[in-house]
Amino acid sequence: MKAGGKSRRKYALRSLRSQLLARTLLILALLLVLIGFLQYFLMKDFLYRSRAEAMDTQLNSIPADLLIKDSQEQSGVTAPQEQTNRRNNRPGPFLFWPDMSLASIDTDGTFQSLSNENGLKPPRLTTEQYHAMQQSKRMRHGYQLITDAQGKEQLVVFRPLGPPDRSSGLLQMGVSTTSMQEQLINQLRTFILLSLIALAIGLALMLPVLRRTLVPLSRMVEAVKRIDAGNLAERFDAEQGQYEVDRLAVSFNGMLERLEHSFAAERELQMQMRRFIADASHELRTPLTSIHGFLEVLLRGAASNPKQLLSALESMYGESKRMNKLVSDLLLLAKLDRTPELKLEDISLDALLLEMKPQLLMLAGTRKVVFDMTAGIRILAEGDKIKQVVLNLFHNAVQHTDLERGVIQVNLSAGKKLVDIQIRDNGPGMSKDQLERIFERFYRGDESRTRSSGGAGLGLAITQSIVEAHGGNITAESTPGTGSVFKVTLPLAGTV
């Protein structure tokens with residue numbers, strides 16, 4: 001049970017649905033965190049700027065005579081002694097807000113707190129900073145965050161003290177940022193809570209959506225489980241409404257089709273191999289049995305009889321020739337089954353057939369042979385192999401035509417890219433079943449005739465292999481009672 005539970009948990013963690021859900025929620029969480037940080041900093045700046053503008057308005061609304069008492073301000077002249085009296089005439093602390101501070105800074109950098117004991121103690125900058133601020137009007141705008149002597153952060157704004165043309169210093173107002181920080185923290189907590197609720201709702205909604213979305217993929221997985229070497233006819237629906245899944249289904253269907261063809265070809269090859277081995281064993285066993293029988297006869301005393309000895313030796317010689325030809329043909333087929341190494345040359349096909357003409361006429365005997373050849377046909381081939389093709393087809397025609405009434409036609413013609421060699425006879429012809437199997441190894445349409453003439457049913461198979469090795473094709477047509485025609489098609493020189 002524990003192993004099963006671990007296996008299920010491992011499967012759940014590695015499943016596509018779990019990974020998609022986890023990664024989607026992770027991206028959503030990261031986006032929410034980013035939005036939270038942006039919202040925090042933007043809201044913080046907004047609150048601070050809003051509060052600074054309100055404080056600036058408050059500073060502008062404070063009457064100047066509450067801050068400075070100067071009886072000589074109307075005359076426009078102020079003596080040094082009067083300046084001292086002016087500083088002495090400043091009112092004492094008058095600010096009552098507990099979270100705010102107020103201070104004034106003279107032109108010489110003298111700092112004076114205007115907050116009462118219930119207010120905040122104003123933070124203080126250096127004299128150089130105050131001088132620089134009084135000289136640069138640009139620095140008087142906006143706000144600054146300054147930490148006071150108690151370690152509390154204050155938001156501070158400044159304004160000139162007195163008329164702009166006769167500024168007598170700066171007025172500094174500060175406010176504690178504690179309340180604003182608490183407001184930002186509360187807002188951030190609210191955002192985090194809402195984000196967690198959104199993630200929970202997203203999790204609840206995405207589970208059924210992902211389950212429904214992955215249904216086509218689950219169907220494909222179940223279909224794949226049903227596929228094995230004996231069941232390759234399974235196909236997937238290529239229109240399930242999801243582009244990626246449809247492409248996967250098309251690819252799977254193509255793969256299954258190729259596998260089905262490959263297994264079918266493999267089964268056919270195995271059947272042919274078993275048939276080939278059986279036929280080859282049978283063909284080899286027949287001459288071996290004959291030779292073995294003759295040897296037994298000779299061992300029983302026939303060797304002392306010259307006539308019987310000569311007859312046995314002649315028979316064994318004939319059987320050995322048959323067996324030798326069969327072995328040679330099998331070796332040739334095995335060589336052609338591998339990648340054949342042909343010595344291709346540019347040869348004249350009509351000249352090659354004319355060279356073979358005396359040999360073909362001798363094979364025909366008293367049969368009539370008609371030659372119809374087009375001159376100037378050149379192909380890229382191995383001459384000896386093409387001669388073997390012509391001899392095999394011509395010998396096959398000789399075997400199936402009558403000695404007296406037999407007619408064999410040898411035709412040679414060419415098109416734009418291909419050349420045709422046709423060998424036609426007026427023999428008994430072949431049935432449709434025979435025609436379909438004529439190029440199979442060890443197949444013999446007329447068992448008695450081919451057996452008596454020494455044929456093993458390999459001639460046409462060898463011919464087909466040679467022609468295909470040259471990039472050509474061989475076909476056969478026949479009508480029972482009218483004869484047969486074998487057509488060899490080869491590419492012309494320069495078109496390969």
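This tour moves through strands, salt bridges and a surface patch.

The model is predicted, so local features need pLDDT of at least 70, side-chain atom pairs count only at pLDDT 80 or more, and totals for chains, interfaces and linings use all residues. Residues are numbered from 1 along each chain as its sequence is written, and side-chain values use heavy atoms, with hydrogens and water left out.

**Stop 1: the strands**

Select residues 153-160. This is strand E4. Strands (E, at least two residues) and helices (H or I, at least four) are DSSP runs, numbered from the N terminus. In E4, 6 of the 8 residues are buried. Buried means under 20% relative accessible area, exposed means over 50%, and partly exposed lies in between (1.4 Å probe, protein chains only).

Two strands pair if DSSP finds at least two bridges between them. Find Thr147: it stands opposite Glu153 in E4. The two strands form a hairpin with 5 residues between them. Click Gly151 in the turn; its phi is positive, about 85°.

Pick Arg159 and look across to its bridge partner in E5, Leu171.

**Stop 2: the salt bridges**

How many salt bridges does the structure hold? There are 6. A salt bridge is a side-chain nitrogen of Lys or Arg within 4 Å of a carboxyl oxygen of Asp or Glu.

Select Glu355 and Lys387. Their closest N and O atoms are 3.1 Å apart. Glu355 lies in helix H9 (residues 349-364) and Lys387 in helix H10 (residues 383-399), so the pair ties together parts that are 32 residues apart in sequence. Glu355 is exposed at 55%. Lys387 is partly exposed at 23%.

Move to Asp420 and Lys487. This salt bridge has its closest N and O atoms 3.8 Å apart. Asp420 sits in strand E10 (residues 418-425) and Lys487 in strand E12 (residues 483-491), 67 residues apart. Asp420 is buried at 18%, while Lys487 is partly exposed at 31%.

Then try Glu440 and Arg437. Here the closest N and O atoms are 3.1 Å apart. Glu440 is partly exposed at 25%, and Arg437 is partly exposed at 36%.

**Stop 3: the patch**

Select Leu193, Leu194, Ile197, Ile201 and Leu205. They make a nonpolar surface patch of about 490 Å². Leu193 is in helix H5 (residues 178-213). At 51% relative accessibility, Leu193 counts as exposed. Patch residues have over 30% relative accessible area and no salt bridge; like charges are joined within 9 Å, nonpolar side chains (Val, Leu, Ile, Met, Phe, Trp, Tyr) within 5 Å.

Key. Accessible areas come from the Shrake-Rupley method with a 1.4 Å probe; for residues, only the protein chains shown count as cover.
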